[in-house]
Amino acid sequence: MSDIINILPDSVANQIAAGEVVDRPASAVKELLENAIDAGASQIQLIVKDAGRTLIQVIDNGCGMSDSDARLCFERHATSKIKQSDDLFNILTMGFRGEALASIAAIAQVELKTRQPDKELGTHVINEGCQIKGQTPEACPVGTSIAIKNLFFNVPARRNFLKKDSIELSHIEEVFRRVTLANCQCDFSFYSNGKMLYDLRAGNLLQRICQLYGSNYNERFFPVKEDNELVAVNGYIGKPEYAKKSRGEQYLFVNNRFIKHPALSTAIEKAYTDLIPDRYVPSYFLNLSIDPSRIDINIHPTKTEVKFIDEHALFALLRAAAKKALGQYTLSTAIEFNPSEEFDFSPPPEGYIPQQPRISYNPDYNPFNPPPSTKPFSGGYNASSHHDTPKGSTPHDEPPSRRWENFFDQEDTPNQYELPQQQPSSTISTDNHYLQVGLRWIVSTMNAGLLIVDQQRASERIIYEQLMNSPSVPINAQHLLFPINCTFSPADADLFAEMLPDLRQCGFEIDALGHNTFVVSAIPTGINDQQLQLIFDQMLADRKSAMLQKFTDRDQSLCRSLSRQMALRAGQPLNEEEMNKIVADLFCCQVPNLSPFGQKTLVVLNSDQLNKLL
Ligand code: ADP
Ligand code: MG
């Protein structure tokens, strides 16, 4: 039989390799930005059109390339960054494999213009599908400009795989944030479809954070600074009160390269134990400077994972550094969120439906005679506003607690937990039958058993349903005495503008003022006007993650996000009336037993279950 093995031509090999390096426009952006950083640039411009589909261009003022390097850089394994194997153990550049440009050139039309500082003329190279189509001398500024046109022009499968522009653009933005946060010494600008999204000036890390996220971020962090033989840790960790429910603002860098390292992230989060409520995560922007020989370099250039030789020590050091930074804060607030340890019920069995406990009640008894006074909570969520919200088939004027009774009352079920007539209040309790445990759970005894409600989740559910009903039921809005201006990064401002109709439907009155600023003149009752910027920032973060997770139902995700913002939180002390109101409103909801995020809002432990426990 004749020989059958062929060596693949470079063009095919490169195209295959390209799949690993460039899977979407954002990865090409990453490679080009990193090359510009490696070239020592102090000014870098990123220009994209159609989310990188038609054009990705990076212009830098770095060292440039010679005429022959400008051709050679497109060859595989063409790199100026390592010469011998020893160099591998001392790498501080972003790239070193010489794969990126070869891969990009295999799947796009590339135009390179570059000039070295000591040359009068630069050079202009056109490369298409890995073939040099032409090279001419050209007068151009010092540095390099690489334009990638029609990415995946010869790989239709890959092209068809791309998501819609807004998603691809948000991936590019994420790459841009990672690179710009790691290189504060450098000016960056970013244009998308001719519009400037970011214009970042060289400065320190905190200034860079503020340029990217808005000047209000200036107040949100504690600095971290630790230096020992193993590692130097520098950067900022978020103040606990600015913790969020999404991980969007967690940036860890090693030697100025963005990495993902779940264990080290946990180390930082552990420093916040007891300082932030469950499910909230802190923001952080930290760089670890480590001797490159202590890091396993054998990781793929596009991957963000990294291995450390001294992982355990790093974990301990990082947690200690974060704790120290949180220092004073920890002392003053540790007690507040510490849930009671004696209160540890095992969850009810899977598939448990809260309707099961059955109670009867005295239909003539009206605990709302006289009705209890309602008082808004001091923070977040305004309980009194919910009186006005009709729910489904429930009559408008029926006291909410009465509807809670109905929730448990099943006409066709036996009165298993008969309520003694002389104690009617134990069903609906406007008396002292609510207890707040761990500043988080509302507990009530009733003849049906023990009801435990998670105050935050319950509040999220109540507000969520109220918002979802808002097209037919106008949300109570309040006009602000002094309108509040909120400013966003240019990219966020675009996204925020898209959200305006939905926000208006939820009771906000907002107008665009230009320059990425919006003026808010009315807000739904229950929104804390002091925290508007924070609330909107969180909503934008939610919106972006919803976009990345392909949520289609915008309304739903907005209402979820808003409910989370407006809900009262764990840690908020409640009085009897407030607890009564929450429980009553919760049972008016269509889905009282789950939060809008799918978590249980309540458990009812009936006598049988209590029997098993004790
Ligand atoms: P790597 O970065 O791994 O070396 P690349 O394919 O990204 O590989 O780039 C190949 C080479 O081209 C680099 O090593 C560098 O010498 C040169 N190069 C790429 N981009 C630039 C740039 N913006 N300025 C100067 N030289 C560059
Ligand atoms: Mg590179």
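Predicted model: local features only at pLDDT ≥ 70, side-chain atom pairs only at ≥ 80, totals over all residues.
Tyr213, Tyr217, Phe221, Tyr236, Tyr251, Phe253, Phe258 and Phe285 form one aromatic cluster. The exercises below begin with the aromatic rings and then move on to other parts of the chain.

**Exercise 1. Rings that pair**

Find out how many aromatic pairs the structure holds, and describe the one formed by Phe176 and Phe190.

Solution. 
- Step 1: The total is 19 aromatic pairs.
- Step 2: In the pair of Phe176 and Phe190, the ring centres are 4.9 Å apart and the planes make an angle of 45 degrees.
- Step 3: Planes under 30 degrees apart would count as stacked and those over 60 as edge-to-face, so an angle between these limits is called tilted. The pair of Phe176 and Phe190 is therefore a tilted one.
- Step 4: Now place the partners. Phe176 belongs to helix 6 (residues 165-182) and Phe190 to strand 7 (residues 187-192), so the pair links distant parts of the chain, 14 residues apart.
- Step 5: Both partners, Phe176 and Phe190, are buried.

**Exercise 2. Charges over rings**

Which rings have Lys163 and Arg220 over them or facing them, and at what distance?

Solution. 
- Step 1: Look at Lys163. Its charged end sits over the ring of Phe161, 5.8 Å from the centre of that ring.
- Step 2: Turn to Arg220, which lies over the face of Tyr217 at 4.1 Å from the ring centre.
- Step 3: Go back to the opening cluster, where Tyr217 is one of the members.
- Step 4: Asp537 lies in helix 14. With a relative accessible area of 7%, under the limit of 20%, Asp537 counts as buried.

**Exercise 3. Two positive phi values**

Where in the chain are Cys130 and His515, and what is the phi of each?

Solution. 
- Step 1: Recall the background. Most residues other than glycine have a negative phi.
- Step 2: Cys130 is not a glycine, yet its phi is positive, at about 80 degrees. Cys130 is placed in the loop between strand 4 (122-128) and strand 5 (131-138).
- Step 3: His515 also has a positive phi, near 50 degrees. The loop that holds His515 runs between strand 20 (509-514) and strand 21 (517-524).
- Step 4: Is His515 buried or exposed? Its relative accessible area is 77%, so His515 is exposed.

**Exercise 4. The largest pocket**

Describe the volume and the lining of the largest pocket.

Solution. 
- Step 1: The volume of the largest pocket is about 1400 Å³.
- Step 2: Its lining has 50 residues, and the closest to the pocket centre are Glu174, Arg178, Tyr251, Phe258 and Lys260.
- Step 3: Several elements give two or more residues to the lining, among them helix 1 (10-21), helix 2 (25-38), strand 11 (250-254) and helix 14 (532-548). Helix 6 gives the most, with eight residues.
- Step 4: Sort the lining by type: 18 residues are nonpolar, 14 polar and 18 charged.

**Exercise 5. Far in sequence**

Solution. 
- Step 1: Ala458 and Asn593 are 135 residues apart in sequence, while their C-alpha atoms are 8.2 Å apart.
- Step 2: Ala458 is found in helix 12 (residues 455-468). Its relative accessibility is 0%, so Ala458 counts as buried.
- Step 3: Beyond four places in sequence, Ala458 is in contact with Val453, Ile582, Leu586 and Thr601.
- Step 4: Thr144 and Ala36 are 108 residues apart along the chain, with 7.8 Å between their C-alpha atoms. Thr144 is in strand 6 (residues 143-149), and at 7% relative accessibility it counts as buried.
- Step 5: Step back to the whole chain. Among contacts between residues at least 6 apart in sequence, 71% join residues at least 24 apart. The chain has 17 helices and 22 strands, and 52% of its 614 residues count as buried.

Note on methods: Residues numbered from 1 in each chain as written. Chains lettered and ligands numbered in written order. Heavy atoms only, no water. Phe/Tyr/Trp six-rings, centres within 6.5 Å; stacked < 30°, edge-to-face > 60°. Helix = DSSP H or I, 4+ residues; strand = E, 2+ residues; numbered from the N terminus. Buried < 20%, exposed > 50% of the residue type's maximum accessible area, 1.4 Å probe, protein only. Lys NZ or Arg CZ within 6 Å of the ring centre and 35° of its normal. 1 Å grid on protein atoms, 1.4 Å probe; cavity = no way out; pocket = protein on both sides within 12 Å on 5 of 7 lines; lining within 4 Å. Points joined across faces, edges and corners; volume = space filled by probe spheres on them. Nonpolar A, V, L, I, M, F, W, Y, C, P; charged D, E, K, R; others polar. Contact = heavy atoms within 4.5 Å.
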